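Hello,

Here is the structure I promised to pass on to you. Have a look at it first, and then read on for what turned up.

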Amino acid sequence: MRWQGQRESDNVEDVRGESGGGGFGGLPIGGRGLSLGGVVVALVAGWIFGINPLALLGLMDGGGTSAPPQREVAPSHPTDERARFASVVLADTEDVWGAIMGRANRPYEPPRMVLFRGVTRTACGTGESAAGPFYCPADRKVYIDLSFFDTLSQRLGAPGDFAQAYVIAHEVGHHVQTVLGLTQRVDAQRQRLGQAQANALSVRLELQADCFAGVWAHHSQRGKGWLEAGDIEEALNAASQIGDDTLQRRSRGTVVPESFTHGSSAQRVQWFKRGLQSGAPAQCNTFETAGS
Ligand SMILES: [Zn+2]
């Protein structure tokens, strides 16, 4: 990906200099936002059941008083290469989604991206880097500990800059879902369902974020022509390596489809491709698809 010299985002909050999330350590873990997958947790601690990545969305509906107080962090332009790369990708998602929403006469307020180390406070509770990158709908921020990209490359078998871009675009996909009100609707539905059905809905939401990442890749390449040979394969490989079946097989040797929350490797690849080939968000209706 030829990203050097491209515009960097004005929406990056760099809190990597704060240890322990600004003295927030020690408080109960509130949970997570919408993650990329339970990837690191799955590898390090064994698969964790019962984590409801959407549980905290209730905070959005007037219950926000229980969220920890938010710090005011001014956006900045980090100078290290890895952060600059993430910032360039975020900036391009702003361009692409701004244009797509604009054509639909919808405003697009882009998300902030918080770069942190270890743990950080979020409106969704304590964010931990061990859970992988995630999006918190309650504060509309993407949270990334950039060391995840080492894990992605070295432990999850998904190297390459475009694999990283896919991860960022997936999280921005969750932001788009929130802007469109889809996240909120799914969360309301999930609360009326049993665990297996709630998981199935979660999978639909995650696959849609993958499809939206593909939509971004489509328009990004059209606009900038910056992809290089092998880039698309890097993203497809990443989508495959963080499928629930692949992660479960790797962490404990067996696969329990009812516990999937992000979709199988084949599903994640399929939906990313669908967005990539069509460039059309309307093709990303993962909720009205039977089977896969
Ligand atoms: Zn996700």
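Predicted model: local features only at pLDDT ≥ 70, side-chain atom pairs only at ≥ 80, totals over all residues.

Two strands count as paired here if DSSP finds at least two bridges between them.

Let's start with the strands. E1 (residues 12-14) and E3 (residues 112-115) pair in the parallel sense, over three bridges. One place to look is Asp14, whose bridge partner in E3 is Leu115. On E3 there is also a pairing with strand E7 (residues 141-144), again in the parallel sense, with four bridges. There, Arg112 has Lys141 in E7 as its bridge partner.

Next, helix H10 (residues 265-278). Its 14 residues should span 20 Å at 1.5 Å a residue, and because the end C-alpha atoms are 20 Å apart, the two values agree. Buried residues in H10 include Val269, Trp271, Phe272 and Leu276. Among the elements that cover the buried residues of H10 are helices H5 (161-179), H7 (195-224), H8 (231-241) and H9 (244-252). After H10 comes Gly279, with a positive phi near 65°.

Finally, the largest pocket, which has a volume of about 320 Å³. It is lined by 19 residues, and those closest to its centre are Leu180, Leu182, Gln208, Phe212 and Asn285. Which helix gives the most to this lining? That is H6, with four residues. Helices H3 (81-103), H6 (182-190) and H7 each supply at least two residues. By class, the lining has 13 nonpolar, three polar and three charged residues.

Enjoy exploring!

Best wishes

How values were computed. Residues numbered from 1 in each chain as written. Heavy atoms only, no water. Expected span 1.5 Å × (residues − 1). Buried < 20%, exposed > 50% of the residue type's maximum accessible area, 1.4 Å probe, protein only. Contact = heavy atoms within 4.5 Å. 1 Å grid on protein atoms, 1.4 Å probe; cavity = no way out; pocket = protein on both sides within 12 Å on 5 of 7 lines; lining within 4 Å. Points joined across faces, edges and corners; volume = space filled by probe spheres on them. Nonpolar A, V, L, I, M, F, W, Y, C, P; charged D, E, K, R; others polar.
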